Structures are given as structure tokens and as C-alpha cells.
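Hi everyone, thanks for coming.

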Amino acid sequence: MSWGTELWDQFENLDKHTQWGIDFLERYAKFVKERLDIEQNYAKQLRNLVKKYCPKRAKDEEPRFTSCLSFNSVLNELNDYAGQREVVAEEMAHKVYGELMRYSQDLKAERKHHLQEGRKAQQHLDYCWKQMENSKRKFERECREAEKSQINYDRLDNDINATKSEVEKAKAQFYLRNHMADESKNEYAAQLQNFNAEQWKHFNNAIPHIFKNLQDMDERRTVKLGETYRSFAEAERRVIPIISKCLEGMVSAAKAVDMRKDSIIVVESFKSGFEPPGDFPFEDFSQNLSRAGSDGTISNTPKGDREGTPGPRSDPKHAMSRTKNKLWLFGKKPKWSVNMAPSLEDFSHLPPEQRRKKLTLRIDELSKELQKEMDQRDALNKMKDVYEKNPQMGDPSSLQPKISETICNMEKLRSEIHKNETWLSEVEGKQSSRGDRRHSADNHHPTPPGRESPEGSYTDDTSQEHHTPHKRPSPPQPGQPNPDPHEFDDEFDDDDPLPVIGHCKALYSFDGQNEGTLVMAEDEVLYIIEEDKGDGWTRARKQSGEEGYVPTSYVEITMEKNSKGS
């Protein structure tokens, strides 16, 4: 249906309608702009959220738990999801909003042009109508004047008193007015014919053409709106497959959570390698009482005493001190043991199992660096051979400093690997020997109590089972066999004090506030009677005969040559 034939007289209404159409298009463009702003802000907030909760630790400190790794995967998928929201916003900005704004400007210019043409045609028709009206009024006026002159001529012609000159004058005026009326009539007829022609052209050619252009413009605007609606939806639909993959990744991350693996990681992370403490012995305080018991008397004496087997006597104070030392395993470590113990290169401040893991990890890293240096050395040697065969390619001697530096680095790395392997073998040897001795003691004797270093750290020395007066032993004489301290692990009835296997010098002062520890002053010299078993404590004896444990990192130890293996 054409606007030109049906709406030929609705120019003003069509003017308002086309303006409404452009306003509606701009309103939809504003809607798209606000929508893409929402998408951009949403994507920005998602990225900030991911950045906030992403781990900021070093690679070595990243958690290995499956729940943490899955959460990191969820964050990565959410970050990709935010990227897809940004893609949606970008698509809407370029293919919808930007296109709408450009098209709106084109519509405004086209509408203005068509309306100007319509107004010009209307103005031309109005001009023709005015010309016709003027000629019509002039013709009407000339006819009235001619009619008056005819009446005046007839009156004078019939008047006997009128002179001849008056009659002739009236006659001439009558002829003049008739002539002017005829000319006005002809002019009016011409103007009327011209107006009718222009009016036909206006309503049959000009206005239909202009209205058709406006109709085409409005229909194109409608089609454009439909296309942008589709583009608006396509921008969202195109990212749905990728968003679905992001969601599938989140679901896969959720399925990857494994409670058993996390439990194993907890064990591997915190396993110390120490043996659990042994059973407490029965301490009989009634041995000194003389009691005459009959056959029916119930005796509180342990079975070993009733059978006549003498048992070792333990000092109650010493037993209480051992009991207090065990509380570390079930309570909090003293603050000084955590804060004051420095981190050592050989990780001797760590429990055996954790120390073994740290050393293994370091050896692996050093081995990788060594392999890189070896590859670089081989590459440099090959390049040197090429230069020697083709001197024009380069000077072989220029590579020698780099080769020497690489070889030096390799030697340093080999030395570091050897040193760490020595520490690792020491840790593994201690753990295996401790397990063997523990198994042997469990097979022959009940595990004696109190074999812990300060605050519950386990030691292998069984001589602590018997409380004897401490005597200052003389250093081992040359030529005499040095007693092996591990003999005390199998001889539980030996009451002799532990032998001196070395000496140490205090680097720092230590207050020894906990039970079983030894007070020492800076630069004080002590005797070593038991080595560090991997728990960070060394058993020492003062020159006064007092024994106890001191932090290994607080002393400088010198072992006797004939006691290195003890």
C-alpha cells in the first residue's frame, strides 16, 4: 500500500511519524548502549573477583590439594567466561550500537531532504493558487466596473438633457471597461488552467514521489531494526558454545576433587618421621616399705619384684621431667623452638621426613640446572668445532671463556648435588637405623619411656631409663677402644653415663626454661654425649656434670675422630 495514493493529504502526519521512527531507533540504540555497559561492568567485576581470589604465592608455595587446584581451575574458567562477556559487549558496540548511530544520522539527513522537497512543492502550488486567486479577483472587479460603466452609458444615452460629449465620453468608458474585463477574463482563465495543471502534478507526481521516498526510508528503518535485533541476539548466541565449555570446565574441576588424595597430601606434608612415644612404666614407690604379707595379702609390688628379679629404680623427679617433655607431641610447641631456630642450608631444623623431601626436591632442581649447563657446554663445543672448520664463520677462541664459565658452573652444581646427596643419605641412614633399633627393642623389651629430646622430640638413647649421678668423664685415651653409644640401645641395664663423643662451643646463650633442657652461656664449652637425631636437639654435658638438651643450631660442634660413627 502506497503512502502517495492513500495519504496524499497527510503531509504533516507523515512528518511526525518519520520523526517518531528516528526517535524510536535512537531509543533502541540507547538501550543497546546501556546493555553493553552492563556487560563491560559485569566482565570487569568478574575479572576483579578472579584477581582477588587468585593465589598470590610463589610456585613452590602453591597448594597441591585437589580442592585448591579445582578452585584455581574454576577461577580460570570464570576468567575466560568474563572474557566472553567482553566479546559480547564488543560485538554489541560495533555491530549494533555503532551501526544504529550511523544509520540514525543517515536517516535524519534523508528525511530532511525529502521533507524539504515536499515543502517546496507545496509552496509552488500555493504560489500558483495565489496567482489564480489574484486574477480571479481582478476579473471580478473589472466586470463590476464594466457593469457600472454600461449603466452610466445607458442612463446618459436616454437622458435628453445630456450633452453629446457626455454621452460619447460614457460610451468610450463603457467600451474601455468591457475591454479590460475581457482581458481579466482571459488572464483568469489562463491562471486557472495553470493552477489546475500544477495541482494535478503536485498530487499525482510530486507528492506521491516524495511520500514514496519517505515510505521507503521508514521501511528501511524498520528492516534495520529487525537486523539489529538479530545481531543483538547473535552476539549472545555466538559465545554460548565457549561459555558452555567454561561451565563444563567448572564441572570437571568439581569432579576432580578427591578427598583421598588430599588426605595423602596432608600426610606427606606434615609427616615428621619420628616414632610415637613408648608406654609409661609402673613406678613403685612402696619398694622401701617392709611388708610381711600372708598368702591372702594382696601385694602392690610389680611382678618382677615378686619373682625376685631386681628391677631398675627410677627417680620420680626424673620421670616427671620426662613426662613433661612428652607434651610437645600433643600440645603446642614452645615459641622459642619455632621463632628462634634459624633456617639451615641442610634443613636440619626440620623433622627427618620433611628434611628428606626438601633435600630430594633441591637435588632434582640442581640436577635440572646441571643438565642445562651440560647442554649449553655441548652446544658451545659444537659451535667451536664449526668455527675451527670454517674460520670465516667466527673465532673459536672467543667461545673459550663461555665454555670455561659453563664448566665451572657444572663443577659447582656437582659439588652442591654431592653435598645434598650426603645430607640425604645421612637422613635416610638415620631413619633406617632408628627403625631397626626400634624394632629390635620392641621385640626384646618393652619400649622404655622418656626417650625424647626436650618437648617430646624422640631420641635413641636408652641410658635415660636409669637415673644415676652425673660424673664428668675423662676424654677417651688414645689406643683404647671408644665405647659405642648405640650399645646402650640394647643394654637397658647399664647404669654408666654416656661417653663423650665430642665437644661444642655455644654461639648464643640459651635459658633452658623447659624441662630436660640445659642452660648455657655464650662461648661456653660443653661435652657432646649424644648427636642430633634429626629433631634439632643435641644432648650435652657441662663440666659440672649437669646434662640436658641444647638447640643444635645454637652450638658449634666438633666431633672426636674416633667417635664419628657413633
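**Aromatic pairs**

Let's start with a cluster: Tyr-28, Phe-31, Tyr-229 and Phe-232 are linked by ring pairs. For the cut-offs, rings of Phe, Tyr and Trp (its six-membered ring) pair if their centres lie within 6.5 Å, and planes under 30 degrees apart count as stacked, over 60 as edge-to-face and the rest as tilted.

A word on the source: this is a predicted model, where local features need pLDDT of at least 70, side-chain atom pairs count only at pLDDT 80 or more, and totals for chains, interfaces and linings use all residues. Residues are numbered from 1 along each chain as its sequence is written, and side-chain values use heavy atoms, with hydrogens and water left out.

How many aromatic pairs does a search of the whole structure find? There are 12. One of them joins Phe-31 and Phe-232: the centres are 5.7 Å apart and the planes are at 40°, so this pair is tilted. Phe-31 belongs to helix α2 (residues 11-53) and Phe-232 to helix α4 (residues 164-237), so the pair ties together parts 201 residues apart in sequence. Helices here are DSSP runs (H or I, at least four residues), numbered from the N terminus.

Buried or exposed? Buried means under 20% relative accessible area, exposed over 50%, and partly exposed in between (1.4 Å probe, protein chains only). Phe-31 is partly exposed at 42%, while Phe-232 is buried at 16%.

Phe-174 and Tyr-175 form another tilted pair, with 5.7 Å centre to centre and 45° between the planes. Phe-174 is buried at 13%, and Tyr-175 is partly exposed at 49%.

Key
Helix = DSSP H or I, 4+ residues; strand = E, 2+ residues; numbered from the N terminus.
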